[in-house]
Amino acid sequence: MNAKVLVAEDDPKQAELLRRYLEHEGHTVTVATDGRAALALVRRQPPDLLVLDVMMPGIDGFEVCRVLRRDSGLPVLMLTARGAEEDLLLGLDLGADDYLTKPYRPRELAARVRALLRRTGVPDPRAGRLRVDPARHEVWADGVEVICTPGEFLLLEMMAAEPGRVFTRDQLLRRLHGFGSDVTARTVDVHVLNLRRKIEADPSAPKRLLTVWGVGYKLADG
């Protein structure tokens with residue numbers, strides 16, 4: 001499942017450029033042309049990430065961010081034509097997760113989006129059709145929701161935050177410590193085996209949750 005990105009940008013040309021570039025990256029993009037419309041869309045169809053322009057009519061990006069942070073942890077990447085340090089600090093103080101000043105290179109914005117999605121637990125669409133959503137405690141594989149045990153979810157969430165990174169059994173085991181008195185070294189292998197049955201087309205030939213022999217496991221990054 002691709003990441004759902006909401007772009008709040010009142011400049012039609014800029015909005016179209018953002019939409020095309022992010023769709024080329026594999027995301028599903030919705031555009032709002034003012035702050036009120038952005039807030040309404042967030043509440044009606046919650047996205048995975050909001051690209052938020054500061055200078056918009058009616059309700060500006062700062063106020064949108066302020067309102068969102070009352071009850072939402074939605075990742076926000078703020079865009080502005082103003083480069084003043086005060087604006088940067090205000091945006092971050094209001095809860096923006098990242099900040100980009102215009103003019104920017106589309107490749108840089110795409111990289112910021114990918115990094116922000118990784119930090120918040122939403123995989124890059126190019127890493128395969130697997131989505132882990134820590135906020136909603138959901139896992140989706142090929143558009144179908146996967147029901148995981150709490151232990152399985154903990155391990156998958158940890159690996160999905162850093163696709164491609166190899167985690168040792170000890171690192172994964174420490175993630176489970178305190179979860180139950182019956183956790184043993186074998187518990188990690190059992191969870192991995194069960195996860196493969198749920199997220200792999202062919203569990204005997206995994207393409208997502210991979211074994212790195214002599215080290216541990218990793219989630220494929222592409």
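In this predicted model, the side chains of Arg20 and Glu16 form a salt bridge at 2.8 Å, N to O. A salt bridge here is a side-chain nitrogen of Lys or Arg within 4 Å of a carboxyl oxygen of Asp or Glu. The two residues are four apart in helix 1 (residues 12-24), so about one helical turn separates them. Helices (H or I, at least four residues) and strands (E, at least two) are DSSP runs, numbered from the N terminus. Arg20 is exposed, with 57% relative accessibility. Glu16 is partly exposed, at 27%. Buried means under 20% relative accessible area, exposed over 50%, and partly exposed in between (1.4 Å probe, protein chains only).

Helix 1 also holds Arg19 and Glu23, four residues apart, about one turn of the helix. Their side chains meet in a salt bridge of 2.8 Å, N to O. Arg19 has a relative accessible area of 24% and is partly exposed. Glu23 is likewise partly exposed, with a value of 35%.

A further salt bridge joins Asp189 and Arg169 (2.9 Å, N to O). This pair connects distant parts of the chain, 20 residues apart: Asp189 lies in helix 8 (residues 185-199) and Arg169 in helix 7 (residues 169-176). Asp189 is buried, at 17% relative accessible area. Arg169 is partly exposed, at 31%.

Strand pairing was examined next. Two strands pair if DSSP finds at least two bridges between them. Strand 10 (residues 209-212) pairs with strand 11 in the antiparallel sense, over four bridges. Val212 stands opposite Gly216 of strand 11. Three residues lie between the strands of this hairpin, and Gly214 adopts a positive phi near 80°. Strand 11 (residues 216-219) also pairs with strand 9 (residues 167-168), again antiparallel, over two bridges. There, Phe167 has Tyr217 as its bridge partner.

Confidence is given as pLDDT, the predictor's score for each residue from 0 to 100. The chain has a mean pLDDT of 83, with 86% of its residues at 70 or more. Confidence is highest in strand 10, at 94, and lowest in helix 4 (residues 85-93), at a mean of 62.

Residues are numbered from 1 along each chain as its sequence is written, and side-chain values use heavy atoms, without hydrogens or water. Because the model is predicted, local features need pLDDT of at least 70 and side-chain atom pairs count only at pLDDT 80 or more, whereas totals for chains, interfaces and linings use all residues.
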